[in-house]
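User: I have a model open and would like to go through how it is put together. Can we start with the sheet?

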Amino acid sequence: MMYAFVTGGSRGIGRAVCRKLASMGYCVVVNYVSNDTQAQSTQTMIEAEGGRAELLKFDVSDRSASAEAIAAWHRAHPGEYISVLVNNAGIRRDNLMMWMPGDDWDQVLNISLGGFFNVTQPLLKNMLSKKHGRIINVVSLSGVSGMAGQTNYSAAKGAVIAATKALAKECARKNVTVNAIAPGFIATEMTADLDQAELKKHIPAGRFGTAEEVAELAGFLASDGAGYITGEVISINGGIYM
């Protein structure tokens, strides 16, 4: 059995990636932090489509909780390993920096950047020893270009981009690729508060993207056909480059 692990997999881009990987034959471990109903809905969708999914509830920003949950998964699956990891968990807490509460800075960085470390490190050893693995980090246009009102989010995603490039160099000889996907404006719950009509004026494609379009890219990067692509940050943004 092939296993894939998706953080923040209960909704939005994470859910779409889970469904895509399940369609490729992976048993998908769906990580989420609190919303049992949405997580169970994701599992139900995957199973209705003929796939397999497991739920694993923990907060990726909590290092000990992450380590304990992943260790428990390995104990329950002796001899198995997770060959595909998609670090998707993230939150927005937008504000101008001069008015940004310290907690909003900490939470955004702890989930996106801390979560990347807390989940990737305990899964990496098996990928390296098996000489096969795919690590896909979902970042953002904000992390590539920076965006006013998102200094915390830009910092978190920009740091993950740099980490992607560094880790790719560490792992390439072991056939473990590390890439990042940088979505622009994607229609999900995370962007529901944005003024789509106004923002569409600045997007050459004239629309927001879909979570399924991002998932297709993740599926390709997880495939054997992407084995010579590593350390890349691939934008999926309808042509908008700020």
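Analyst: Seven strands make an open sheet, ordered β3-β2-β1-β4-β5-β6-β7, and the pairing is parallel. Two strands pair if DSSP finds at least two bridges between them. Helices (H or I, at least four residues) and strands (E, at least two) are DSSP runs, numbered from the N terminus. This is a predicted model: local features need pLDDT of at least 70, side-chain atom pairs count only at pLDDT 80 or more, and totals for chains, interfaces and linings use all residues. Residues are numbered from 1 along each chain as its sequence is written, and side-chain values use heavy atoms, with hydrogens and water left out.

User: Which strands stand at the edges?

Analyst: β3 (52-57) and β7 (233-236). Each has a single partner strand, so one side of each is left without a neighbour in the sheet. From one strand to the next, the twist averages 20°. Angles run from 0 to 180 degrees between N-to-C directions, and axes are lines fitted to C-alpha atoms, for helices over the stretch in contact.

User: How many bridges pair β6 and β7?

Analyst: Four, in the parallel sense, with β6 covering residues 176-183. Ile181 has Ile234 in β7 as its bridge partner.

User: What does α2 touch on the sheet?

Analyst: α2 packs on β2 (26-32) and β3, and its direction makes about 165° with that of β3. Contact here means heavy atoms within 4.5 Å. Helix α6 (residues 151-171) lies across β5 (133-138), β6 and β7, and runs at about 160° to β6.

User: OK, helix on helix. At what angle do α1 and α2 pack?

Analyst: About 25°, with the axes of α1 (residues 12-23) and α2 (residues 36-48) 10 Å apart. The two are therefore roughly parallel to each other. The cut-offs are under 35 degrees for roughly parallel, over 145 for roughly antiparallel, 65 to 115 for roughly perpendicular, and oblique for the rest.

User: Which residues make that contact?

Analyst: Arg15, Cys18, Arg19 and Ala22 from α1, and Gln38, Ser41, Thr42, Met45 and Ile46 from α2. By class, the residues of this contact are four nonpolar, three polar and two charged. Ala, Val, Leu, Ile, Met, Phe, Trp, Tyr, Cys and Pro count as nonpolar, Asp, Glu, Lys and Arg as charged, and the others, Gly among them, as polar.

User: And α8, at what angle does α1 pack with that one?

Analyst: About 45°, with the axes 8 Å apart; α8 is residues 211-222. α1 and α8 are therefore oblique to each other. In this contact, α1 residues including Ile13, Val17 and Leu21 meet α8 residues including Val214, Ala215 and Ala218. The contact of α1 with α8 has nine nonpolar, two polar and three charged residues.

User: Switching to loops: where is His77? Is it buried or exposed?

Analyst: His77 sits in the loop between α3 (63-76) and β4 (82-87). Its relative accessibility is 13%, so His77 counts as buried. Buried means under 20% relative accessible area, exposed over 50%, and partly exposed in between (1.4 Å probe, protein chains only). Leaving out residues up to four places away in sequence, His77 touches Tyr3 and Glu54.

User: What about Gly149, buried or exposed?

Analyst: Gly149 counts as buried because its relative accessibility is 13%. Gly149 lies in the loop between α5 (141-145) and α6.

User: What does Gly149 touch?

Analyst: Asp94, Asn95 and Leu96, again not counting residues up to four places away in sequence. Gly149 and Ile234 are 85 residues apart in sequence and 23 Å apart in space, C-alpha to C-alpha.
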